[in-house]
Amino acid sequence: MHQHSSDCRCGHCAAAKSLKNTFALRPASGQINTISANPPQAGCCSGGSCSAVTPAVPEKTAETPQRYSWFISGMDCPGCARTIETAVGQLPAVGQARVLFATEKLVVTAPADVRSEVEAAVSAAGFSLKRSDAPKEAAATPGFWRENRTIILLAVMMLVSWLLMQVDPRAGQIAFTLTTLAGVWPIARSALRLMRGGTPFAIEMLMSVAAIGALFIGATTEAAMVLLLFLLGERLEAFAASRARRGVTALMALQPEEAVRISGEARETVPLSALRPGDVIEVAPGARLPADAKLMTASASFDESALTGESIPVDRQQGETLAAGSLSVDRQVRLEVISEPGESAIDRILHLIEEAESRRAPVERFLDRFSRIYTPVIMAIALLVAVLPPLLFSAAWQPWIYKGLTLLLIGCPCALVISTPAAITSALAAATRRGALIKGGAALESLSAISTIAFDKTGTLTEGKPQVTAVISLAKDDERRLLAKAAATESGSSHPLARAIVARAAALQIEVPAVSDQRALSGSGVEGIVGGHKLLICAPARVEKHRLTEDQLAQVSQLESDGNTVVVMLEDEQPTGLIALRDTLRPDALAALTELKAMNIQSVMLTGDNPRAAAAIASELKIDYRAGLLPAEKVAAVAEMRQRHAVAMVGDGINDAPAMKEATVGIAMGSGSDVALETADAALTHNRLNGVASMIRLSRATHANIRQNITIALGLKGIFLVTTLAGMTGLWLAVLADSGATALVTANALRLLRKK
């Protein structure tokens, strides 16, 4: 993993530094090679061979797999996604095919260009594709008539048939027959396409067999009603799917397609794909940023709620970075672009959502495998119900064929198959809208079982910005003079404690003297010459024991017990002062941990800080702790806890990544390092700790929702199975066991979108 230097000027590193609140992932768009499309840049912190976005890979050969992607039109449910995957997966040249339902995208991996073959296969299955590297066009929204004309025409024909039935039963029968044939034609045609695409037991096939079978036994009215109810159910399912995807499509719409680029005094409107790092752009008030950028205007307010969930506009100063999709609230601003096309904050979040779909929950994978066996078994049972009683017991053929057809409809697995993905898609969309990114159904399911959460201290429970809390003189200098000397010695250092000392001196408007021969001592501290005297600032443990008196050591111990980190300043090898610094707790830390405790979740702090400082922080937060831990020891602590129960690890730094990987679920703070964000199973983009409890609460609600959905799907089928065999219900009620159950399951799943 490439580490981004603060001094690196290359475009990749600039982008990475600006995207602390997003995942450093790269979206698939069009044809993507495994070799980075960006050449090494001079001044890169990797020594001119930048790997900030993509790792170094062997030179591409003819057999290197290529990735291709398309946007899909016509998908109504996750079952459609499986159909497309099956159709494309049968092509011999395709290595892997994956449909991302939330973003309506097909991603194919193949050793050669298979785009034409894939497009033909998907078209034959009844769906349309558009290459994702093609210029974007405004999507035409189908009108009400176009979307519902089949249902409307079928309903009108049924009404006419019913009226004819009242006047002339024979004419009515003929009219219902024609109505059924008109309704079954598009469904049967779709069933044949699916069969050729490798999906012989689709719901369309079951409906076609049931409707045509009903015509043969004279149940014309019920055959037409079955088709109408089925089409209504499909329309409701499509509506529910669009609702579940609404959060994702809203996110995609945040990024404008064009930008105003400034070249000298000239302004030009350019497409988003033409922007490059270093370009200067202008954004009008009320408009959104087309790319990640650095503010050049002195100051401005931005609405970042779409990405962070924070509803209050944020004031940004010159030089601060902003994510694509942020809205300029109060003025026209100029910014410098820092992200490549396709690599902005929004692109990374969309790619995360796409990756999340490939990480399906275990229960979803089980139900998917189960349905592939379940459907042909049900068809076989329906056939046996239709033919065995007449053959073996001389029963009348028509009633038992009717029962077999009814059983065929009852046995459709649609409601069962959609019970899990509908809930998970809704939950992931709800989490994304509230500033929590969960990488798929597997992570969402694991979160519901968490009983212990391990927290890193610095940057997770605390702000990660230490402040000076005490300056104690041990010699003739007063506190201001002592702080002036310390700030001079620490000036120019990038260490958080050094920056805190310099910032404190600046806040008190203390004049800092000149320093010479400044030198950082590896693992020891920093030294320099100030006013002709040699100054050294280091940790108390680095000071020779005889140089600190018992009283001074007691002062150090007391400060550390209060949660401070203490440094000692020596002048000409004699202690002259103590400076205590403390990293302040996040404002929401105590409330977040209290909320977790109310949910019967135990919290523990894992830190590399000294035990006394850790004890003070833990006491304030009322949680257990383990201190003085190296990264490997954090991993061991998490592994030990995981042997007893499911554990989540919340962290933000590179040193937290191994422990997050070891945990059942790793959760990264949005302000964390790229490594932590990539390792994590979930992330809090709004950077608020109370999001942890919200994620777990949402996960538990999703788990309960899935159980309810499975109960609805199987319960309705069981009830109608008994009533059908008893001769109490017929074909049109059997459709309710499928379309009705599917509608109920989907509506129940959509409740998660409103989950607080």
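Arg 261, Glu 268 and Asp 279 are linked in a network of salt bridges. A salt bridge here is a side-chain nitrogen of Lys or Arg within 4 Å of a carboxyl oxygen of Asp or Glu. The model is predicted, so local features need pLDDT of at least 70 and side-chain atom pairs count only at pLDDT 80 or more, whereas totals for chains, interfaces and linings use all residues. Residues are numbered from 1 along each chain as its sequence is written, and side-chain values use heavy atoms, with hydrogens and water left out.

The salt-bridge count comes to 19. One of them joins the side chains of Asp 279 and Arg 261, at 3.4 Å from N to O. Asp 279 lies in the loop between β6 (266-271) and β7 (280-283), and Arg 261 in strand β5 (residues 258-263), so the pair ties together parts that are 18 residues apart in sequence. Helices (H or I, at least four residues) and strands (E, at least two) are DSSP runs, numbered from the N terminus. Asp 279 and Arg 261 are both buried. Buried means under 20% relative accessible area, exposed over 50%, and partly exposed in between (1.4 Å probe, protein chains only).

A salt bridge also forms between the side chains of Arg 267 and Glu 282, with an N to O distance of 2.8 Å. Arg 267 belongs to strand β6 and Glu 282 to strand β7, so this pair ties together parts that are 15 residues apart in sequence. Glu 282 counts as buried because its relative accessibility is 12%. The side chains of Asp 477 and Lys 485 meet in a salt bridge too, at 2.8 Å from N to O. Both Asp 477 and Lys 485 are buried.

The chain has 24 helices and 26 strands. Of its 756 residues, 49% count as buried. Contact means heavy atoms within 4.5 Å. Among contacts in the chain with a separation of 6 or more, 68% are between residues 24 or more positions apart.

Helix α12 (residues 414-433) packs against helix α23 (residues 690-725): their axes come within 9 Å and cross at roughly 160 degrees. Axes are lines fitted to C-alpha atoms, for helices over the stretch in contact, and angles run from 0 to 180 degrees between N-to-C directions. The angle makes α12 roughly antiparallel to α23 (under 35 degrees is roughly parallel, over 145 roughly antiparallel, 65 to 115 roughly perpendicular and the rest oblique). On the α12 side, the contact includes Ala 415, Leu 416, Ser 419 and Thr 420. The contact residues divide into 11 nonpolar, 5 polar and no charged.

Two loop residues were also examined. Ser 344 sits in the loop between β13 (333-337) and α9 (345-358). Ser 344 is buried, with a relative accessible area of 1%. Residues up to four places away in sequence aside, Ser 344 touches Gln 255, Asp 292, Ala 324 and Ser 339.

Gln 90 is found in the loop between α2 (78-89) and β2 (96-100). Gln 90 is partly exposed, with a relative accessible area of 47%. Neighbours within four places in sequence aside, Gln 90 contacts Arg 196, Gly 197 and Gly 198. The C-alpha atoms of Gln 90 and Gly 197 are separated by 7.9 Å, although the two residues lie 107 residues apart along the chain.

Definitions and conventions:
Nonpolar A, V, L, I, M, F, W, Y, C, P; charged D, E, K, R; others polar.
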